[in-house]
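The model is a predicted one.

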Amino acid sequence: MSSNSFAYNEQSGGGEATELGQEATSTISPSGAFGLFSSDMKKNEDLKQMLESNKDSAKLDAMKRIVGMIAKGKNASELFPAVVKNVASKNIEIKKLVYVYLVRYAEEQQDLALLSISTFQRALKDPNQLIRASALRVLSSIRVPIIVPIMMLAIKEASADLSPYVRKNAAHAIQKLYSLDPEQKEMLIEIIEKLLKDKSTLVAGSVVMAFEEVCPDRIDLIHKNYRKLCNLLVDVEEWGQVVIIHMLTRYARTQFVSPWRQGDVLEDNEKDFYDSDEEQKEKADKRKRPYAMDPDHRLLIRNTKPLLQSRNAAVVMAVAQLYWHIAPKSEAGIISKSLVRLLRSSREVQYIVLQNIATMSIQRKGMFEPYLKSFYVRSTDATMIKILKLEILTNLANEANISTLLREFQTYVKSQDKQFAAATIQTIGRCATSITEVSDTCLNGLVCLLSNRDEIVVAESVVVIKKLLQMQPMQHGEIIKHMAKLLDSITVPVARASILWLIGENCERVPKIAPDVLRKTAKSFTSEDDLVKLQILNLGAKLYLTNSKQTKLLTQYILNLGKYDQNYDIRDRTRFIRQLIVPNEKSGALSKYAKKIFLAQKPAPLLESPFKDRDHFQLGTLSHTLNTKATGYLELSNWPEVAPDPSVRNVEVIELAKEWTPAGKAKKENPDKKFYSESEEEEDSSESSSDSESESGSESGEDEEDDRSGDSAEDSGESGSEPEAGKGRAATRSRARGRGDSKDVDKEKENSKTSESSSGESSSIEESSSDSESESESESESESRKVTKEKEKKTKQERNPLTKDVSLLDLDDFNLVSTPVALPTPALSPSLIADLEGLNLSATSSVISVSTPVFVPGKTHVLLHRMSGKGLAAHYFFPRQPCIFGDKMVSVQITLNNTTDQKIENIHVGGKKLPMGMQMHVFNPIESLEPAGSITVSMGIDFCDSTQTASFQLCTKDDCFSVNIQPPVGELLLPVAMSEKDFKKEQGMLSGMNETSTTIIAAPQNFASSVILQKIVNVANVGVVPSGQDNIHRYEELKFQAL
Amino acid sequence: MLRGDARGRVPDWGGGHSGRSGRRRRRPCCRGDAGLSICRGFQTEKDSLRSLTVSTMIHSLFLINSSGDIFLEKHWKSVVSRSVCDYFFEAQERATEAENVPPVIPTPHHYLLSVYRHKIFFVAVIQTEVPPLFVIEFLHRVVDTFQDYFGVCSEPVIKDNVVVVYEVLEEMLDNGFPLATESNILKELIKPPTILRTVVNTITGSTNVGDQLPTGQLSVVPWRRTGVKYTNNEAYFDVIEEIDAIIDKSGSTITAEIQGVIDACVKLTGMPDLTLSFMNPRLLDDVSFHPCVRFKRWESERILSFIPPDGNFRLLSYHVSAQNLVAIPVYVKHNISFRDSSSLGRFEITVGPKQTMGKTIEGVTVTSQMPRGVLNMSLTPSQGTHTFDPVTKMLSWDVGKINPQKLPSLKGTMSLQAGASKPDENPTINLQFKIQQLAISGLKVNRLDMYGEKYKPFKGIKYMTKAGKFQVRT
């Protein structure tokens, strides 16, 4: 104890020399129990004083010592009142330590803990997201039932916070609140539902964790987020990956049909996997086999594959179990290499991984056969590792490798680790039974071991030989004789018992030896182990029945000894045997059958792996490791016979928008209309003519746009160059490219204009989608599905004509970058459409909804002048569209013109010289550009919120030109739609951080709102907040980097 | 522990013995123990308990030293009594060696998952189903973090820095779920203690706790802190390969494989974007990456492209495909024999170079666990020093460099226990060695380029081959 306090002193590092001095003398000097106790009391007094002092350093010292006490597991609860006062301390370290203290003791001192609540409530509104998050963390960690409503409110607010870090903490808080008060479940599920839609990778892992704990059975909440989760998976932090993968494994087992069919293995050879997914799809189609994997099923399997390369063993194991449980058997092979790699890491990881491999290797030997040598045992392995490796080696043994293995086993048998040697002998026994070719060799080997010097080895051999002989009811008289001789030397009870049993069973085969053995053991009966005594009794009984002439007296002598034995089991047995075999007047009919009873043919024991029955547990789980069902284990369900409707994973934004638009328009578009017409007048009046046409066109255009931005969000982790089967884009659209080339800037403007006019709609889409969800919750699911399907049909019809004319022009800006995908086969197209729809979700459901730009300036910038570009001219401009390559990127459109009289071939982006952090998504190389032809391509650049220049090279077949793009600040912004109230709230949160204020002097004629708007949108990509007051204008933006 | 012994045998007693069954009934209550089938009331109590305290992944953490003292405990939810560790101590006693303590120990209400590192057991208490590797991997990450923070991870160091340890643990886990495990981020949240900082803190009253959210947490590169500045910009890469091999009695290779890692020490200003390419990337059979490596780029071009974390980190670990025959750079000639009649045994080993590509083999050490029958050894080495511990029976010989002209050898006799029979196994020889400037697989880095920053960094690449688990059976 005194040494403890000494440690505190050391640790507090001489902050307050005087106090420490007192401290040291008071604690070290007294000796004896009483002295220590009093010093302890005194110390606490000290701490109280220090906490009440007005010097931060003293408080900090005190807190550090208190934390030291908590760490040691000592009770510091009596300091609660003194500590809790400091919760509002300005010093952040004191504050943190007070938090630590509060979380530890609040449960015990509930009333006092309430004093701190208001501080946290205040901190929840703090502009600093770190403080908001930590306040939520501590508040939710205080396990005081009274504050449940406060917690609920805090979680609700935090789940809509702008900072994903705070939202992540909200997800954690859900679990804490749930464990505090399960009554809140329904409300919490609502929040989980909301957070599941969150796009941030930071949140994904935590919310799935909350889902798993609060409502793992509400699989319906996952449907709409399934594709998003699959696509985000690579970018989620490693711990979240593990949780999500486990959840998705369960999900897949309920939603898809089994890919394991008879003949599946034959048809799908290994090579199939390495083919690109597209090819595979085509193949699958060609074969027209009855089973076609759901594209969503495939999506999950494909997107988890890269994670096998993770450095985190838990992630690798999670993917491995996913492949094991849901991938076609032919594809599961790739996990073995990664699992074998894990064997290089620590003892503990090896232990778990080997256990899982052991289970797998029983069912599918072939998977690990190539890695046989990786399981060879080293003398430095821990015993438990050795035994697991041995287990796997046994499972992998077959006719081809058994001779190598047996040689290896020979080395193991000699190991100094006797437990391991014994396990090896059992293994040899198992090999002998499973591979009949070597059973004789094994038996001979084991017999040789009987002359081993080590008793444990001999004993184990005897036991195994016994089992082997029992299985092969042949003549093994020689071996039995040999073993009978061993009885003199062996002392291990199990082995002695085994030998006696063997002799008893085969007593008719060794008629001379058996009575002799009985004679010997009768002499030593009293000193034998209980196990051996029972077998002596058995042997006596058997011999009495077969050879009563020689052994009658001996047996009776033994029965007499047994009668007075100390162990009641032996007394019981003796009584039983005596009644059964010795005929007397009392014994009934049973004694007639004594011989049949004792010398019945016994079934041979089955030598099988202890891992045989483990496969009903999900691999990689605690239950699997322990081979018992752990608390909270969620059973992996069997594949459904018929797949549930796959369309539940689609998100029907488009169709529903149709239905709801009238209402949405009436409500929302009116103010917008007015506003637009004003600005239009200012700029260009001719545009209103195309109103009705562009209306419908823009709508579909917007839908597509949403699709794309959804795509890009999900693609963000990938380079995007890989053709993705799930995201088929009609080839017709990319062909339209050529036509769009001649399009001039005006048209561009027009298009974006029209799409703007539907900005009101986009918000109504959101509304309706959320409505539909609540609907589907209340109504029976099947009904809503039916509706969905009908709508789907409708939109398909409606879509086709649209794509022919107007929308083509709208779309083609995006097309060049669309990856070349073959025209989807008709059989697949419905699901592809479904895919496209499903992707919509992530764009619209984010917490912050990005709105379309209010205005797109037509100003173009010169990228490459035709003089310096040897006839190749390039202009760029910012279309203010959400970039499709990644949500942090700004889309840039480049128009290339060929001013020469020759074809320019192979135009592409060469070397990039980007400032740190900056990223660029280049356009696909252009094969050739005809003389006087022009082409427009899109690029995405992540400027990292800076106005730094992105320099890169524009190359043709012959030349390279260095070019620069420097963005004006205004183009780095992204407008979001929000109400005035929300805006004020968010503005409040940001205050101080990103604030600049200046006064602008303007001429009175410029003071009309439309003029100001025009000026502002000209320089910056912002949106307008509907404002109640005339003279205040609010513009929102979403900084790319900040979110 | 004593109580535990009795516990294990509870179900053995037959039903007829009233005296015993009375004892049995009491036990589950006093210890909160097994035997649910016997105690119905107990079962229901447990169920209700479960519905109330819904799990969290890691409930508590106990740090236990080799002598069985709990010297640190941390709870992320309601306090779990220390007594839960009794089950651990029981297992520890049964295992005799620390190595053999099972990593997963079930107790009636909890599960104990432990890792053993630096002579400390890190025991995590969990309550419900969780992937065990998740917890184990996290515990290892905790140890790595401590090592990173304090240089060494040992009991006295943890005790000295208990406040920082607590703060770090608080940040690493929220409600039992990992929150921030990247060392770069943690160091921004809680600054590691340095002598200078301690002094500064004492004078100015400033703290170890960062007051800003690390930008990394939110940015695209969560593993790298922002605002890194160095006067000397350097990037060093060490390609280290280890040979795992088992050589049999006759000197032929039973199994051999090469496992490699590339450890990096990158001290570069700003946000550099590095690419590293190999001359022969096809050698790499199986790789695992630091999260910073762009997977797609590797898939398509076999180039490592990444924004590195600041400081030391493991960029890549790899396995060289098994088809390539592994060059074994050393051989061991041995002659170890025990005679049945005499109490003396002969011992002679010689180590020599083989397929070293002209490089010298350094840092050679030979260790061997001698059979129990060996009482003592009297040996003379031609170079280096040797020791034999008569208690653990561990022979170790520090050879040093191998001079091909004069091969090092160790000769002498072993004295055996009189009367004992000769051991039936010859000891296995474990070998350690190092070869500088050689990657035994032949892997070569082609070039390292930096993008995104304007300065010219100093780049360095070092190769080394080491013995991994290199055993020679005799």
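Leaving aside neighbours within four places in sequence, Ser77(A) is in contact with Tyr101(A), Tyr105(A), Glu108(A) and Gln109(A). Ser77(A) sits in the loop that runs between helix H4 (56-72) and helix H5 (80-84) of chain A.

The relative accessible area of Ser77(A) is 11%, and since buried means under 20%, Ser77(A) counts as buried. Its side chain is joined to that of Asn75(A) by a polar contact of 2.8 Å.

## Helix H4

Of the 17 residues in H4(A), 15 are buried, so the helix is mostly covered. The end C-alpha atoms of H4(A) are 24 Å apart, which agrees with the 24 Å that 17 residues should span at 1.5 Å a residue. After H4(A) comes Gly73(A), which has a positive phi, near 85°.

## Helices H11 and H13

Two packed helices are described by the angle between their axes and the distance between the axes. In chain A, the axes of helix H11 (residues 164-180) and helix H13 (residues 201-214) come within 8 Å and cross at roughly 10°. Angles under 35 degrees count as roughly parallel, and H11(A) and H13(A) are therefore roughly parallel to each other.

On the H11(A) side, the residues that meet H13(A) include Tyr165(A), Ala171(A), Ile174(A) and Tyr178(A). On the H13(A) side, Leu202(A), Val203(A), Met209(A) and Glu213(A) are among those in the contact. The residues of this contact divide into eleven nonpolar, three polar and three charged.

Technical notes. Residues are numbered from 1 along each chain as its sequence is written. Chains are lettered from A and ligands numbered from 1 in the order in which they are written. This is a predicted model: local features need pLDDT of at least 70, side-chain atom pairs count only at pLDDT 80 or more; totals for chains, interfaces and linings use all residues. Side-chain values use heavy atoms; hydrogens and water are left out. Axes are lines fitted to C-alpha atoms, for helices over the stretch in contact, and angles run from 0 to 180 degrees between N-to-C directions. Helices (H or I, at least four residues) and strands (E, at least two) are DSSP runs, numbered from the N terminus. Angles under 35 degrees count as roughly parallel, over 145 as roughly antiparallel, 65 to 115 as roughly perpendicular and the rest as oblique. Contact means heavy atoms within 4.5 Å. Ala, Val, Leu, Ile, Met, Phe, Trp, Tyr, Cys and Pro count as nonpolar, Asp, Glu, Lys and Arg as charged, and the others, Gly among them, as polar. Buried means under 20% relative accessible area, exposed over 50%, partly exposed in between (1.4 Å probe, protein chains only). A polar contact is a pair of N or O atoms within 3.5 Å; within protein, one must be able to donate a hydrogen and the other to accept it, and residues adjacent in sequence count only if both atoms are side-chain atoms. The expected span of a helix is 1.5 Å times one less than its number of residues.
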